[in-house]
Amino acid sequence: MIADLRVSVTDRCNFRCQYCMPAEGLAWMDRQSILTFEEIERLVSLMTKLGVRDVRLTGGEPLVRRDFPQLVARLSALGTIADLSLTTNGYLLKRDAAALVEAGLNRINVSIDSLERDRFFQLTRRDSMDQVLEGLETIMAQPGIGSVKVNAVAIRDFTEEEVPRFCELARNRGCQVRFIEFMPLDGDRSWDPSQVLTGGELRELVEKIYPLVEVEREPSATARVYRFADGKGEIGFINPVSEPFCSDCNRLRLTADGKLRTCLFSINETDLREPLRTGASDAEIEAVIREAVAGKELRHRISESDFLQPERTMSAIGG
Ligand code: SAM
Ligand code: SF4
């Protein structure tokens, strides 16, 4: 059953991470094509009736969408979402942290790929590490927030050097750090398997400094989580390339322009915006969603010779 929905609220972003967007950005979707808050709310409400329990808001960068905390408040007020979470680059988090928690956000993931200013700049093409870390501190200080995690995309010949710094963050700041393997969804389309630093390799690097003990995981959890053997914090590894978790995937994605995707790597998608805007009833939209879900891919084919990178890049899908 599909229990997890990722909703992209915009394809726009204030960063240009090397593994996601080209330096010059992308041609943004035109504003008319972006779902309104009302439209998102209706689709999310319908999908929770079909079994979705957890909703993660993402993008692009969600916090660049005007009045974004209002969307969080609307979704939270539905009362049908068990876990409402957000993925953000953290740049505007200092500004929005209190409003987001007030609006009903349960959990947050902040993406940070380097804890060294020049290297952060190199990867994101923005000299913004200090502002992001301030955002992280601000959200961690909010009494109402359930959990705060830090996500780092792992890239060979870059991330190895970050491992000791991320271990210290996880051990001393009380936020779980998770490394995500680099996937072929970059805007430059220059991904190559040799750039993937696997979770297994990273775990070995961590274990050279600190022994780890595996934490039991839920079948549908994407991360393998370990706690430091001395009890100080947790670290996780999301390994979609080296250890695909497709058979346990219970996830759907809704793009900012209203397309339903049943896999990150889907070649086909289902348009929900058209029925929404042409007066379809809830039952009719439900039928379209059910049909799309019935066709959900069994697995991705990243490591196969006939793999086709989807036309949309990560920022236009919603990671
Ligand atoms: N802008 C927000 C952010 O960066 O957190 C939300 C959207 S971003 C597309 C969501 C997540 O996807 C981020 O953690 C980002 O690091 C990750 N991501 C982007 N491109 C990726 C890629 N090619 N491989 C693996 N993860 C990627
Ligand atoms: Fe923007 Fe997030 Fe993509 Fe970086 S990973 S360019 S912050 S959407």
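Let me start with a definition: helices (H or I, at least four residues) and strands (E, at least two) are DSSP runs, numbered from the N terminus. Keep that in mind for what follows.

Next, the ground rules. This is a predicted model, where local features need pLDDT of at least 70, side-chain atom pairs count only at pLDDT 80 or more, and totals for chains, interfaces and linings use all residues. Residues are numbered from 1 along each chain as its sequence is written, chains are lettered from A and ligands numbered from 1 in the order in which they are written, and side-chain values use heavy atoms, with hydrogens and water left out.

First stop, the loops. Proline 211 sits in the loop between helix 7 (199–209) and strand 7 (212–214). Its relative accessibility is 49%, so proline 211 is partly exposed. On that scale, buried means under 20% relative accessible area, exposed means over 50%, and partly exposed is in between (1.4 Å probe, protein chains only). Glycine 199 is 12 residues away along the chain, and the two C-alpha atoms are 15 Å apart.

Two other loop residues deserve a look. Aspartate 67 is not a glycine, yet its phi is positive, about 60°. You will find aspartate 67 between strand 2 (54–58) and helix 2 (68–78). It is partly exposed, at 41%. Arginine 189, also not a glycine, has a positive phi of about 50°. Its loop runs between strand 6 (176–181) and helix 7. Arginine 189 is partly exposed, at 40%.

Now the helices. How do helix 1 and helix 9 pack? Helix 1 (residues 37–49) and helix 9 (residues 282–294) meet at about 70°, with axes 10 Å apart. Axes are lines fitted to C-alpha atoms, for helices over the stretch in contact, and angles run from 0 to 180 degrees between N-to-C directions. The pair is therefore roughly perpendicular, a term that covers 65 to 115 degrees.

For cysteine 249, the nearest cysteine sulfur belongs to cysteine 263, 6.8 Å away. Cysteine 249 is partly exposed at 31%, whereas cysteine 263 is buried at 14%.

Last, ligand 2. The residues around it include Cys13, Phe15, Tyr19, Asn89 and Ser315. Being near takes one heavy atom within 4 Å. The shell has six nonpolar residues, three polar and no charged ones.

Note on methods. Ala, Val, Leu, Ile, Met, Phe, Trp, Tyr, Cys and Pro count as nonpolar, Asp, Glu, Lys and Arg as charged, and the others, Gly among them, as polar. A disulfide is a pair of cysteine sulfur atoms within 2.5 Å. Angles under 35 degrees count as roughly parallel, over 145 as roughly antiparallel, 65 to 115 as roughly perpendicular and the rest as oblique.
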